[in-house]
Amino acid sequence: MERREFIKKFAATVAAMQLGDVISLIPNAVAAEVPTAALSHLRLADCIADVLRVPSVCLNCSNVCGMNVLVKDGQILGVEGSKTDPNPQGKLCAKAHGGVSAVNYSERIVYPLKRVGERGSGLWQRITMEEAYEMIAERIKPAIAAGHPERVVFHGGRNKIGDIVGRFMNAVGSPVVLNHRALCSANKRAANLTSIGDKDWETVDAERCRYFLNFGSNFLEAHQGGFPLMRRYVKAKAAGAKMVTFDVRLSNTAGRSDEWHAPFPASEGAVALAMAHVIVNENRYDAEFVNAWMNVSLAEIKTFLAPYTPKFAEEASGIAASDIARIAREFATAAPACVAFTNRGTQGHQNGFNNERAVVLLNALVGSVGAEGGYAYGGSQSIKGSNFPEPAPIPPKPKFSTDLEDPKQYPLSNHWAKMKVSELVFDKLLKGEHQVDVYLSYTIAAPQNWPEGPQVTVAALKDEQKIKFHACSDVVYSEMAHYADLILPDATYFERYTIDARNAYELQPYMVLRQPAVEPPFDCENFADSLINIAKRLGPDIAKYFDFDSYAEFVAYRLNSLPKRDGLNGFDYMKKHGAWVWDKPKNYRPFAKTLSAEQLLGTTVENGVIYQEVKGKKQAIGVMQNGVAKRGFQTPSRKFELHSPYVEQMAQQLGIKDDGWPHFAFPESMTQRKPHQLVLTTFKWNVHTQGRTAPQKYLTEIVHDNPAWINRQTAKRLGVKSGDFVEVTSYRPVSDYQVHNPSEVVGKIKVKVVVTEGIHPDVIAISNSMGMNYGGRIAEGRNGKAAELPAFAQAEDADMVSHIWWDKRRGGAGNGFNPNSLIPINPSPLVGNQSWNDTICDVVKV
Ligand SMILES: Nc1nc2c(c(=O)[nH]1)N[C@H]1C(S)=C(S)[C@@H](COP(=O)(O)OP(=O)(O)OC[C@H]3O[C@@H](n4cnc5c(=O)[nH]c(N)nc54)[C@H](O)[C@@H]3O)O[C@H]1N2
Ligand SMILES: Nc1nc2c(c(=O)[nH]1)N[C@H]1C(S)=C(S)[C@@H](COP(=O)(O)OP(=O)(O)OC[C@H]3O[C@@H](n4cnc5c(=O)[nH]c(N)nc54)[C@H](O)[C@@H]3O)O[C@H]1N2
Ligand code: SF4
Ligand SMILES: [Mo]
């Protein structure tokens with residue numbers, strides 16, 4: 001049957017999608033313009049008296065800010081900042097307000113849909129949730145029966161239901177729980193883990209900080225803890241703090257700094273080591289910290305830093321040696337209320353791990369680690385099962401691992417925390433390294449967000465031999481959903497429960513509860529509940545671990561382990577107040593805390609390190625300092641490890657040249673770059689979050705296009721002006737990781753340019769979050785009637801019918817470009833962090 005006939009037969013005339021109906025969810029040809037229907041606009045001020053304030057937590061990005069959802073008559077009117085969550089200090093960003101539109105998006109998926117026809121053909125049939133659970137259960141059972149539970153794979157992005165996902169996968173017996181961390185922040189975390197033993201990023205004590213030395217973080221727009229950090233930075237600034245930003249691009253953070261320096265990409269390690277060189281050689285270091293808390297001597301530090309002079313760094317970065325030395329002096333003068341910190345600009349390189357370690361070192365040298373106003377860390381609330389018990393019986397963890405979630409080539413990715421190396425997943429599947437019978441995807445848009453996503457990810461997702469069955473949980477018809485066999489309609493973050501917490505910027509542990517402000521519409525259901533329902537159908541051996549009715553009950557059980565407050569049990573307290581703060585002193589210098597006699601019971605001391613036996617294993621818990629037992633850092637030596645014996649040992653095992661010191665060397669792709677070639681870099685917008693905000697109309701109205709930034713000098717050489725198009729061709733770097741079907745040219749796209757002084761002349765920058773192929777009319781920039789409105793059941797939105805003025809067919813700019821077809825899969829050594837910002841390309845006028 002012809003596709004058109006097929007759709008006509010099943011769906012053409014239905015008014016609302018019925019069970020068994022088939023629809024097409026792929027954008028079709030130009031739809032007729034429809035006049036704007038009169039829409040009633042409720043104004044908040046008109047009805048504020050009766051507004052219900054439901055305390056909850058925003059999830060339009062990773063900052064998870066507490067918010068009150070304003071509800072009237074079962075409809076969300078808006079959101080406001082929460083005063084009980086200590087992190088965001090009562091305010092929210094634009095994305096939080098824009099996020100509300102996700103709830104009533106008229107192209108929101110509201111029914112479970114089963115694929116009809118070939119995978120990726122866009123034809124879907126409505127089924128019941130019961131049928132959906134059964135379908136998934138019937139696919140999982142044979143994998144378990146065949147003794148291959150690892151063929152059941154879970155892949156989550158911003159997954160906030162890790163507790164139930166973990167339980168589900170453990171019950172199934174599969175260790176293959178994948179995430180997106182190596183695309184995000186693995187080098188940064190690995191650097192912190194190596195240096196101080198902390199698994200997160202630094203929690204800058206920003207309000208009290210007086211000197212911000214920022215290497216490649218755009219925290220006024222993005223950053224995992226950006227919003228809480230920004231709130232405090234603004235106060236510090238008003239009190240006279242200074243910020244110096246190193247970014248290849250004039251980001252909004254760079255623009256609001258006292259100084260902006262544009263280094264050559266990937267040269268931050270050289271700059272930071274040169275600053276360290278100045279601090280040490282001019283005796284500006286903190287002798288107490290260096291002598292007591294570093295695992296190497298001052299003499300060794302001097303020897304290590306000797307080659308990294310300001311002149312050396314000038315040659316690498318293009319930043320004047322005199323500026324590097326001056327900034328080092330200013331930084332040390334502000335100590336300990338100063339902080340050197342980073343983010344994806346610094347870590348997203350082949351040399352990112354060492355660049356990061358070099359920046360962390362600056363904090364150690366001036367004694368700002370853990371200090372008031374300094375590079376604080378730790379002290380956040382872990383919401384793991386060990387702290388908030390889960391209902392018994394608890395399934396045991398599988399006792400094996402596979403190379404998919406724990407690739408042996410990247411030992412530092414999974415040594416301390418499960419960071420995985422997810423940019424390799426689809427490539428490994430194409431190579432046939434792992435068989436996938438059931439692939440459960442949740443809150444990820446890999447075809448859009450992965451390097452080579454449009455090629456490699458899509459090829460793997462399309463291949464029914466490589467991925468036998470794919471069930472995707474989503475709220476819209478996303479890049480991921482398009483390649484699924486079954487779509488489960490999730491509840492949005494306004495309609496579901498989750499326990500959450502992030503780095504505590506008040507340096508006191510806290511946690512927050514996300515709770516439903518409104519009921520999910522139609523068949524939409526929290527995916528956590530769907531997992532419970534699926535588990536109940538997997539036979540008694542698995543169902544016994546899911547002896548509760550709902551995820552709400554599971555969350556309540558966990559929270560009720562809290563002591564009663566204000567006469568309320570934990571769950572009720574959290575529902576009423578939204579947040580729980582532990583009344584503890586601020587977590588300054590945790591390493592210097594003295595261990596109590598109780599903590600020292602049964603311990604032994606070897607070479608000054610205090611050990612305890614835990615489950616038959618010797619574990620370091622402290623370090624002796626002048627005869628006193630101190631907690632120290634959570635590193636093997638319990639000191640700040642500038643030289644890491646563990647890194648040295650791992651490198652040796654893998655035959656990688658690395659002596660365990662954070663040396664500086666450029667990525668090979670940079671050293672082989674020809675003078676006319678540009679380095680492709682990528683970045684985030686303040687009003688968008690990766691692949692999740694493109695369907696949100698207010699945000700996409702603000703930013704829907706992303707021309708490539710190039711410098712005026714470069715534009716002159718290329719003969720282009722703003723609005724012209726260039727062709728960008730990217731090349732595969734020399735790498736230890738061999739991709740399936742390697743080709744020298746990775747990708748080629750034609751992209752519009754914007755010419756600016758605000759970028760390094762050797763760099764071309766293209767943002768993410770744009771160029772969606774799916775996601776509905778707002779994301780696709782496609783004005784007109786819904787492709788197949790009956791699929792969605794929510795009321796039509798006149799804005800989508802006639803107000804998408806950026807639709808190309810109306811002479812608008814369109815919906816932008818996805819740079820990820822240009823960016824090669826390029827894991828960094830040892831850690832496996834994706835090297836986003838190392839891509840070399842040719843750029844020519846078209
Ligand atoms: N608004 C918004 N907020 C977000 C997100 C979002 O998508 N949107 N995502 C969240 C997530 S998951 C993350 S991981 C964080 C990321 O937060 P950030 O890391 O702060 O943001 P990015 O835009 O990824 O990268 C930061 C900067 O690195 C610069 N850069 C690129 N290459 C180099 C280089 O070689 N050297 C230097 N010095 N700089 C370079 C870019 O120009 C960019 O300004 O943000 C979180 N918050
Ligand atoms: N070029 C480039 N690429 C990048 C980056 C970059 O800066 N530049 N940043 C990288 C970084 S830091 C990260 S962390 C990754 C992130 O990559 P992903 O993990 O893929 O991140 P998201 O964009 O958050 O996930 C988006 C998907 O979740 C769906 N979704 C949104 N809300 C819900 C919900 O409530 N329930 C369900 N079930 N689904 C939902 C969206 O529709 C979409 O399909 O991307 C990386 N990719
Ligand atoms: S920073 Fe992120 S979590 Fe916080 S309000 Fe904005 S979108 Fe929401
Ligand atoms: Mo990220």
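What follows is a look at the surroundings of the two ligands in this predicted model.

Starting with ligand 1, 33 residues sit around it, and His223, Asp247, Glu268, Arg344 and His688 come nearest. On the oxygen side, a backbone N or O atom of Lys684 is 2.9 Å from an oxygen atom of ligand 1. Taken alone, ligand 1 would expose 910 Å², of which the protein buries 99%. Helix H14 (344-347) and strand E23 (678-683) are the elements giving two or more residues to this shell. Domain 2 (186-376) and domain 4 (668-772 + 815-845) each supply at least three residues to the shell. Its make-up is 17 polar, 8 charged and 8 nonpolar residues.

Turning to ligand 2, its shell holds 28 residues, with His180, Asn449, Arg496, Gly691 and Asn820 the closest. Here the backbone of Ala445 puts a polar atom 2.8 Å from an oxygen atom of the ligand, while a polar side-chain atom of Arg692 lies 2.9 Å from an oxygen atom. The side chain of Asp490 has an N or O atom 2.8 Å from a nitrogen atom of ligand 2. The protein buries 98% of the 920 Å² that ligand 2 exposes when taken alone. By residue class, the shell splits into 11 nonpolar, 11 polar and 6 charged. At least three residues come from each of domain 1 (113-178 + 401-500 + 510-581) and domain 4 (668-772 + 815-845).

Methods: Residues are numbered from 1 along each chain as its sequence is written. Chains are lettered from A and ligands numbered from 1 in the order in which they are written. This is a predicted model: local features need pLDDT of at least 70, side-chain atom pairs count only at pLDDT 80 or more; totals for chains, interfaces and linings use all residues. Side-chain values use heavy atoms; hydrogens and water are left out. A residue is near a molecule or strand if one of its heavy atoms lies within 4 Å of it. A polar contact is a pair of N or O atoms within 3.5 Å; within protein, one must be able to donate a hydrogen and the other to accept it, and residues adjacent in sequence count only if both atoms are side-chain atoms. Accessible areas come from the Shrake-Rupley method with a 1.4 Å probe; for residues, only the protein chains shown count as cover. Ala, Val, Leu, Ile, Met, Phe, Trp, Tyr, Cys and Pro count as nonpolar, Asp, Glu, Lys and Arg as charged, and the others, Gly among them, as polar. Domain bounds come from an automatic or database domain assignment. Helices (H or I, at least four residues) and strands (E, at least two) are DSSP runs, numbered from the N terminus.
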